[in-house]
Amino acid sequence: MINIRSSRELDKMTHTDTAFMYLAAMQHPDFRTICRFRSTHLDSIKDVFSQVVTVCKEMGMLGVGKISLDGTKIKANASVKQSKNADALDKEIDKILKESIEIDKAEDEMYGDSTPYQMPKELANKTKRLEKIKAAKKKLEDEKLEKINITDNDAKIMKHKDGSLKPSYNGQIAVDDKEQVIVAADLVTDTNDVNQIDPMIQLIWATMGYRPTILLADAGYFSYDNIDLLNQIGTDSYIPDNSFKVEERGKSKYFLKSMFRFDKENDCYYCPAGITMPFKWIQKRDDEPHLKQYIGDHCSICVLKNACTNAKKRIISRDPREHLMEEMRKRLRTKEGNELYQERMSTVEPVFGQMKQNRGFTEFLLRGKDKTKVEFILMCIVHNVEKIEGFLKRKAKDMKEVLRTGFSMDNLENIGEIMINCADKISFLGGIVVGSIFSNRIKSEVSFLLTF
Ligand code: SF4
């Protein structure tokens with residue numbers, strides 16, 4: 001809670017800070033032990049995350065399944081300069097080999113036939129670097145990647161909100177609307193969010209035992225497959241497509257597609273001039289369903305042509321699943337749909353804001369997919385524990401108010417229920433903080449990790 005993430009700092013605090021001494025039960029694990037724990041206990045950390053979410057659920061901190069989904073790019077512990085393509089890797093391998101030969105020659109001249117006790121430091125560093133680059137090159141070839149980062153092979157170049165390109169990971173969270181509790185969290189290497197709906201729903205299911213009743217997500221999550229899936233599992237979703245906002249603003253050089261009305265029965269469109277655009281042909285696509293194309297036959301004599309197209313004829317393409325987008329747009333345009341979608345901004349976006357701005361979690365300390373995932377999930381646990389703290393403080397305030405104003409049957413029942421619900425949960429959280437859910441060997445390490 002005090003924004004300390006470095007293993008060395010945590011180690012130091014166990015000697016200098018009373019709160020840390022208490023949480024560590026007066027043990028002083030070495031910073032390497034803390035670091036090693038963070039690097040190797042992904043499953044345990046996931047389990048702690050689930051247990052904390054369950055505590056939130058049992059304390060009544062979760063709503064009725066209205067979930068907002070979002071992703072954020074977090075910089076890897078690696079420099080953008082270390083992201084290279086196959087050619088650049090080959091050049092660097094050649095350069096190191098040449099330099100190593102030079103060093104060898106110099107050593108031969110210096111020592112003659114006698115062997116120095118150790119490999120020269122410079123050469124040892126070059127050999128190490130060479131191994132790293134060769135490993136990166138193998139991964140680049142195996143996974144058919146365009147570029148790979150030599151320092152952190154798992155990180156991908158991602159575009160951040162400020163437009164910069166950095167080696168990064170994509171942190172995904174699903175947040176319940178009632179108290180902004182994170183109910184599912186994951187860290188992925190996909191540069192966009194579109195493939196994350198299904199895995200996040202599976203994670204919510206695994207932790208909560210239910211699927212969202214309402215799902216709110218931004219345009220990055222829109223795909224016909226996603227909307228189809230959400231319809232099939234009965235989740236009421238509000239996810240705009242990429243063109244929705246443009247269409248809403250109505251700013252376009254030519255008539256927007258939404259100004260053309262589709263007639264399913266007659267398989268045609270009606271253009272803004274009221275003229276029928278019949279189906280003409282199929283546009284084949286390799287990995288997607290083929291598009292049907294509808295073409296205006298009277299465009300050359302139309303008075304609206306300049307506002308409609310600069311081609312000879314206006315063409316409208318239609319995906320066979322386009323009705324899913326039309327239905328979604330209809331839902332988003334209702335007053336209720338619009339209000340629900342706006343709620344997403346006050347539910348999930350502030351969570352990343354708190355993580356990044358308030359806690360300074362803008363870059364990973366560790367490298368590699370598993371280790372960074374542990375770091376990310378730990379941050380999500382910290383967020384939830386802080387939410388519990390805030391919730392309990394509010395309830396304590398309510399309790400004070402009851403004591404001040406006197407008991408009534410209503411508030412007595414309410415407070416009584418809260419106290420019963422909270423009592424064992426508070427002791428459970430205490431259990432997490434002193435690490436009692438883990439073995440003795442690692443218990444103090446967990447304590448620290450939950451206190452930054
Ligand atoms: S240009 Fe063609 S499609 Fe566009 S409004 Fe005129 S007739 Fe309709």
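Trainee: Which residues of H12 are buried?

Mentor: In H12, the buried residues are Leu340, Arg344 and Thr347. A residue is buried if 20 or more other C-beta atoms lie within 10 Å of its own, exposed if 12 or fewer, and partly exposed in between, with C-beta atoms placed from the backbone.

Trainee: What puts them on the same side of H12?

Mentor: They cover an arc of only 80 degrees around the axis, so they sit on the same side of H12. The arc is that of the directions from the helix axis to the C-beta atoms. The face turned away from the buried side of H12 carries exposed residues: Lys335, Glu339, Gln342 and Ser346.

Trainee: What covers the buried residues of H12?

Mentor: The cover includes strand S1 (66-75), S5, strand S7 (214-217) and strand S8 (236-238). Helices (H or I, at least four residues) and strands (E, at least two) are DSSP runs, numbered from the N terminus.

Trainee: How do you know that the span of H12 agrees with what it should be?

Mentor: The expected span of a helix is 1.5 Å times one less than its number of residues. Helix H12 (residues 335-347) has 13 residues and should span 18 Å; its end C-alpha atoms are 19 Å apart, and therefore the two agree.

Trainee: Where do these numbers come from?

Mentor: Residues are numbered from 1 along each chain as its sequence is written. This is a predicted model, in which local features need pLDDT of at least 70, side-chain atom pairs count only at pLDDT 80 or more, and totals for chains, interfaces and linings use all residues.

Trainee: What is the mean pLDDT of the protein?

Mentor: The mean is 84, and 83% of the residues reach 70 or more; pLDDT is the predictor's confidence in each residue, from 0 to 100. Over residues 430-452, however, pLDDT stays under 50. Where pLDDT is low, the predicted coordinates should not be read in detail.

Trainee: Let us turn to H8. Which of its residues are buried?

Mentor: Asn226, Ile227 and Leu230 are the buried residues of H8. Down the axis of H8 they fall within an arc of 95 degrees, so they line one face of the helix. Asp228 and Gln232 are exposed on the other side of H8. Helix H7 (197-208), S7, S8 and helix H11 (322-333) are among what covers the buried residues of H8.

Trainee: Why is asparagine 226 called buried?

Mentor: Asparagine 226 counts as buried because it has 22 C-beta neighbours inside 10 Å, and the cut-off is 20 or more. Leaving aside neighbours within four places in sequence, asparagine 226 is in contact with Ile197 and Tyr221. Contact means that the C-beta atoms of two residues, placed from the backbone, lie within 7 Å. The C-alpha atoms of asparagine 226 and aspartate 198 are separated by 7.5 Å, and the two are 28 residues apart along the chain.

Trainee: Where is phenylalanine 222, and is it buried or exposed?

Mentor: Phenylalanine 222 is in the loop between S7 and helix H8 (224-232). With 22 other C-beta atoms within 10 Å, phenylalanine 222 is buried. Beyond four places in sequence, its contacts are Ile239, Pro240, Asp241 and Asn242.

Trainee: What makes tyrosine 269 buried?

Mentor: Tyrosine 269, which lies in strand S10, has 21 other C-beta atoms within 10 Å and is therefore buried. Not counting residues up to four places away in sequence, tyrosine 269 touches Phe260, Arg261, Phe262, Met277, Tyr294 and Ile316. Tyrosine 294 is 25 residues from tyrosine 269 along the chain, with 6.9 Å between their C-alpha atoms.

Trainee: Why is aspartate 267 called exposed?

Mentor: Aspartate 267 has 12 other C-beta atoms within 10 Å, so it is exposed: the cut-off is 12 or fewer. Aspartate 267 is in the loop between strand S9 (261-263) and strand S10 (268-270). Its phi is near 50 degrees, a positive value in a residue other than glycine.

Trainee: And what is the phi of glutamine 180?

Mentor: Glutamine 180 has a positive phi of about 60 degrees, although it is not a glycine. Glutamine 180 is buried because it has 20 C-beta neighbours inside 10 Å.
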